[in-house]
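Please look through the sequence and the structure shown here before reading on. The paragraphs that follow take up a pair of helices and then a sheet.

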Amino acid sequence: MTSWRIRDFHSADLDGILHLWETLKASNVEPVYALSEVLASCEKDHAVVAVQGEQVVGAAVGRAAHDQGWIVFLATLPEYRGRGIGTSLLAAVENRMAPHGLNKLSALMPESETRVEAFLGRGFVLKKNLRYFERRIPVQRQELEPLSQLGGRILARDLWENVAGMRNEKELLERRLVLPLAEAELADEFGVVPPRAVVLFGPPGTGKTTFAKAIASRLEWPFVEVFPSRLAADPLGLAGALRETFLEIAELEHAVVFIDEVEEIASQRAGDPPSPLQGVTNELLKIIPAFREQPGRLLVCATNFIRALDSAFLRHGRFDYVIPIGLPDRQAREAMWQRFIPAAVVDDVDIELLVERTEGFSPADIEYAARSASQRALENAVYGEGDGGAPGSGAPAGSAVRRGPATQDYLDAIADTRTTVSAEVQQEFLEDIDLLGRV
Ligand SMILES: Nc1ncnc2c1ncn2[C@@H]1O[C@H](COP(=O)(O)OP(=O)(O)OP(=O)(O)O)[C@@H](O)[C@H]1O
Ligand SMILES: [Mg+2]
């Protein structure tokens with residue numbers, strides 16, 4: 001048997017590396033670095049292989065990062081172990097990395113890997129009391145380009161938690177949308193077809209946009225908003241631009257695609273002569289079935305005016321759910337006040353009373369009232385009690401400048417806030433839930 005030798009990695013060795021990788025996995029060792037990372041490092045960083053004849057029997061791959069180097073892969077075929085190949089491979093790869101002037105060389109090994117003699121043989125010391133953390137980044141590198149073209153982005157991770165109250169809506173969305181999309185395999189086992197498209201409808205300012213974003217954040221999928229008004233300026237025309245946009249979206253692995261005020265491009269097609277937007281509505285009706293065929297994405301359309309939508313648009317088969325997002329109930333209003341009142345004063349404010357006085361307020365109205373109360377209280381605290389200072393809102397006797405708004409500031413602001421959703425609109429909304437809602 002000829003003896004083994006060590007040489008630099010060539011592209012032709014990729015199969016050999018792959019084989020080593022598979023052997024490692026087969027022995028129940030889950031390597032820390034992904035295969036794609038190891039292969040990238042083979043090509044771009046430093047890699048050496050041990051060969052017997054032309055067979056790759058071992059490999060070491062290293063990556064230099066500033067002053068520290070990392071061994072991203074070290075493996076020897078089982079039948080070649082115990083011959084010092086690992087130690088020689090490490091020595092060789094260290095040698096290739098030496099010109100970087102590294103002052104530390106590190107390696108991460110899965111706990112299940114027991115063959116660590118090569119490291120010990122090369123003077124590596126096992127560091128105790130370390131813990132390794134990792135998180136998957138949901139967007140792949142090749143998606144960055146189409147994503148930025150589309151103006152899409154990854155949203156903050158806490159948007160879902162930040163939706164205050166709205167317990168019923170949240171639970172519904174969590175069960176119907178998030179669960180089957182996030183647990184696609186499990187859903188499949190149960191024969192659940194994951195939703196592909198939903199409509200959120202409800203009066204202005206109730207949180208439709210907020211929910212669309214929160215869903216994307218919850219799924220950790222990129223959020224891509226399609227703006228028909230911007231596409232209208234495209235040389236292809238609105239219908240053509242819409243088609244192009246959805247072709248680009250098809251390149252993404254995952255996405256929550258949002259169309260706000262969808263009634264503007266999908267309103268009833270009645271009328272003679274036909275509205276110039278009819279071609280756009282028709283285009284959208286064609287786009288949705290194609291969109292539905294691709295996994296890993298969700299179309300969310302929002303509207304204040306669901307009655308105006310073309311009936312073909314809403315029929316079964318296009319949208320899985322037509323979900324009402326209405327005014328917040330007591331519990332939701334309480335959660336919102338808790339959220340909007342600064343932590344330092346929240347315990348001193350009579351939230352019960354604010355909840356009472358904001359019946360019929362939308363989240364947007366409550367947010368507005370909370371902000372104006374804060375602004376007034378700040379002005380009063382800094383410039384002294386102005387005409388906004390109602391009796392009872394002043395500082396308690398003997399105290400210095402009051403920090404933060406008090407109940408009365410909120411009540412004043414509430415009294416000055418005109419609610420967005422009239423009783424008539426609310427009534428229509430309730431009718432729409434009966435007629436058009438589908439959950
Ligand atoms: N559950 C909530 N908790 C806290 N803030 C909320 C909540 N829902 C909505 N808001 C706030 O209320 C405002 C209006 O919400 P949003 O824009 O989502 O409403 P919308 O239904 O999309 O309104 P429109 O119909 O006008 O588009 C936003 O500033 C949002 O941050
Ligand atoms: Mg909105």
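**A helix pair and a sheet**

In this predicted model, helix α11, which covers residues 237-249, and helix α12, which covers residues 278-292, have axes that come within 9 Å and cross at roughly 15°. Because angles under 35 degrees count as roughly parallel, α11 and α12 are therefore described as roughly parallel to each other. The crossing in which α11 passes α12 is right-handed. On the side of α11, the residues that take part in the contact are L238, A239, L242, R243, F246 and I249, and they meet G279, V280, E283, L284, I287 and F291 of α12.

Five strands form an open sheet in the order β7-β8-β9-β6-β10, and their pairing is parallel. At the edges lie β7 (223-226) and β10 (321-324), each of which pairs on one side only. On average, and with direction ignored, neighbouring strands of this sheet are turned by 25° against each other.

One of the pairings can be followed in more detail: strand β6, residues 197-201, runs parallel to β10 and is joined to it by four bridges. Within this pairing, V198 stands opposite Y321 in β10. Helix α7, residues 167-182, packs on the sheet, where it touches β6, β9 (297-303) and β10, and the direction of α7 makes about 155° with that of β10.

Methods. Residues numbered from 1 in each chain as written. Chains lettered and ligands numbered in written order. Predicted model: local features only at pLDDT ≥ 70, side-chain atom pairs only at ≥ 80, totals over all residues. Heavy atoms only, no water. Axes fitted to C-alpha atoms, helices over the stretch in contact; angles between N-to-C directions. Helix = DSSP H or I, 4+ residues; strand = E, 2+ residues; numbered from the N terminus. Parallel < 35°, antiparallel > 145°, perpendicular 65-115°, else oblique. Left-handed = near helix turned anticlockwise from the far one by under 90°. Contact = heavy atoms within 4.5 Å. Pairing = 2+ DSSP bridges.
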